[in-house]
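Hi everyone, thanks for coming. I'd like to walk you through one model today, so please have a look at it on the screen before I start.

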Amino acid sequence: MYYLWAVAALSAIVNAAVTPDTDTVCTALYSKFPELLVWDPIEPKGVVTLGKAATYTNTLHDYWNSASAGNRPACGFFPANADQVSFAVKVLNAYPAVQFALKGGGHNPNLGFSSVKEGVLIAFRPNSKYAIPSPDGKSIEVGPGCKWEDVYGALDPLGKAVVGGRLGNVGVPGLLLGGGLSYLSAQYGLACDNIISYECVLANGTVVTASETSHPELYFALKGGGNQFAIVTKFVLKTFNIGKNGKIWGGVRTYTEDKSEEILSAITNFVAKNTDPKAAIIPTFDFFSAVGINAPAIVVFYFYDGLQVPAGVFDEFNAVKSLTDDTKVKSYPEMAQEVLGGEYEALRFQIRENTFPNMPPTQMKLFLNDHFNLMKKKSQEAALKDLLDFKLFSFAIQPMPRGIAKASQDAGGDALGLRPENGDRVWIEYDIAWLSPLCDGKCPPYFANVVDQHHDLHKEKYSGIYPTNYESGDLEYLSYNPIFMNDAMEGQDVLRSYGNETYARLLSTHEAYDPHGFFAERQGGFKFT
């Protein structure tokens, strides 16, 4: 496997061709901020910054999807503040053919979303990595170079937390700009609902603050609308007391395949019946395939914002015999490090998302079992097609009860537009991981087709069956929308999934703040179509 990786890396190096304009942009950045610019060490000018080559290399390989490391930027720019980013934007504006990318934590696996081949990479780690609580502890300033483990670590001594990522290795900016689902969402809404303000660099290089009272349309657009509006150089987030003295109850239990029906039943009832907003779950179903062997496993993350879980909250789950169990009282940072905190940089990844209504229990249990069996079948087929490569297929059922929608509305709302009257839903995140770069071309499209088959399964057998607490709206549309940006795959029409009215509002904001296509045409991300 190492040999295959080395061949792919060598091929990328041989094919690299930095344009004169890109070279000029990198040179201008180096002239102004020599301490912040690092040339690609394999380029001729790499010798100029060879002493900082480790910074470039570490950034290049700190991606969840290791395939992103194949996108070698001509240079890496590592800003520490908005003024430095503003300068970079103004230089880039003078050379419209030069592509760039913004990198926070590097967790998004879509190629080109936080990486760029032969362009300029603006990487916020390590120089924009700071998390500074306010003197009264009610808010925290967070740099775009932070991962959630950095933020939770800064707040832990205060017994506080923010509504943020559930895995510590996930970057702050990507999660917040895509909406952000948290263990605390049933209490306080999505992560983006709890942002007080954004410090931003606009497409023309101007630095502004977006909040409820300053640039309110930009503020709204950044709350789940993605990276097509501005470069965020600082987030100010609300903080909340967590557990008791910062301690909560939670952890992971694993189960064998024969417990799948019981777990799926418990999930169905938890979404529809749980009324305690302090409780949260992430059930994950994993299918490991190697040398023709398929070995399903079930992993469930449990969380309760307190030291003791009241009777009735997880009773149905508690009745299922687990293989392992590490649930206990722990700190919030410890909870964010469960299952390595999402740190799996050695593999190549792709994700995709489906939204489904949480139907009445009888139908929902049937659908989830059909869904489980279809994924098992497809993972077995993939193993037989490629006996030499390891693959992991998985799906995570993310409950979206109407309580989260109400909390989101109560916090001010966002671009996703969740409404409690539309009933309970589930967001299902799908993952595929593989080792060999030889599958880079065929694994993602195969995977997309597999995920779409799960959507088609619901549409063919369960279409028209809606949550019992559904009250209003377009039934067909609400069944499969919105698409959750944080889990979406390139090509999914995320922004249109927010509805026509919101799409038009976001497009108007985009046209006002990016009239010449600086963000739309020169970097990756979910686009307007």
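**A tour of the model**

Let me begin in a loop: Pro126 sits between E4 and strand E5, which covers 131-133. What is the peptide bond from Arg125 to Pro126, cis or trans? This one is cis, and its omega is near 10 degrees.

There is another such case further along the chain. Asn481 and Pro482 are joined by a cis peptide bond as well, with omega at about -5 degrees. Pro482 is again a loop residue, placed between helix H15 (475-480) and helix H16 (500-513). I'm pointing these bonds out because most peptide bonds are trans.

Before going on, a word about confidence. What you see is a predicted model. The mean pLDDT of the protein chain is 93, and 96% of its residues reach 70 or more. Residues 1-15 are another story, with pLDDT below 50. In the model this stretch does have 15 contacts beyond near neighbours in sequence. Still, where pLDDT is low, the predicted coordinates should not be read in detail, so please don't zoom in there.

Now to the backbone again, this time to phi. Most residues other than glycine have a negative phi. Asn245 has a positive value, near 55 degrees. You'll find Asn245 in the loop between strand E11 (240-241) and strand E12 (247-255). Is Asn245 buried or exposed? Its relative accessible area is 70%, so Asn245 is exposed, the cut-off being over 50%.

Val339 also has a positive phi, near 50 degrees. This valine belongs to the loop that runs from helix H11 (332-336) to strand E17 (348-357). With a relative accessible area of 36%, Val339 is partly exposed.

Let's turn to the annotation. UniProt, in an unreviewed entry, lists residues 69-242 as "domain: FAD-binding PCMH-type". In the model, that span is 22% helix and 24% strand, and its end C-alpha atoms lie 37 Å apart.

I picked two residues from within those numbers to look at. The one I'd show you to begin with is His107, in the loop between strand E3 (100-103) and strand E4 (120-123).

My other pick is Ser197, which is part of strand E8, residues 195-201. Ser197 counts as buried too, because its relative accessibility is 12%. Setting aside residues up to four places away in sequence, Ser197 touches Thr209, Ala210 and Ser211, along with Lys234, Phe235 and Val236.

Val47, Val48 and Leu50 make a nonpolar surface patch of about 290 Å². Where does Val48 lie? In the loop between strand E1 (37-39) and helix H3 (53-61). Its relative accessibility is 46%, so Val48 counts as partly exposed.

That's my tour. I'm happy to take questions!

Note on methods. Residues numbered from 1 in each chain as written. Predicted model: local features only at pLDDT ≥ 70, side-chain atom pairs only at ≥ 80, totals over all residues. Heavy atoms only, no water. Patch = residues over 30% accessible without salt bridge, like charges linked within 9 Å, V, L, I, M, F, W, Y side chains within 5 Å. Areas by Shrake-Rupley, 256 points an atom, 1.4 Å probe, with all protein chains shown as cover. Salt bridge = Lys/Arg side-chain N within 4 Å of Asp/Glu carboxyl O. Helix = DSSP H or I, 4+ residues; strand = E, 2+ residues; numbered from the N terminus. Buried < 20%, exposed > 50% of the residue type's maximum accessible area, 1.4 Å probe, protein only. pLDDT = per-residue confidence, 0-100. Contact = heavy atoms within 4.5 Å. UniProt positions renumbered as here; feature names shortened; annotations may be inferred.
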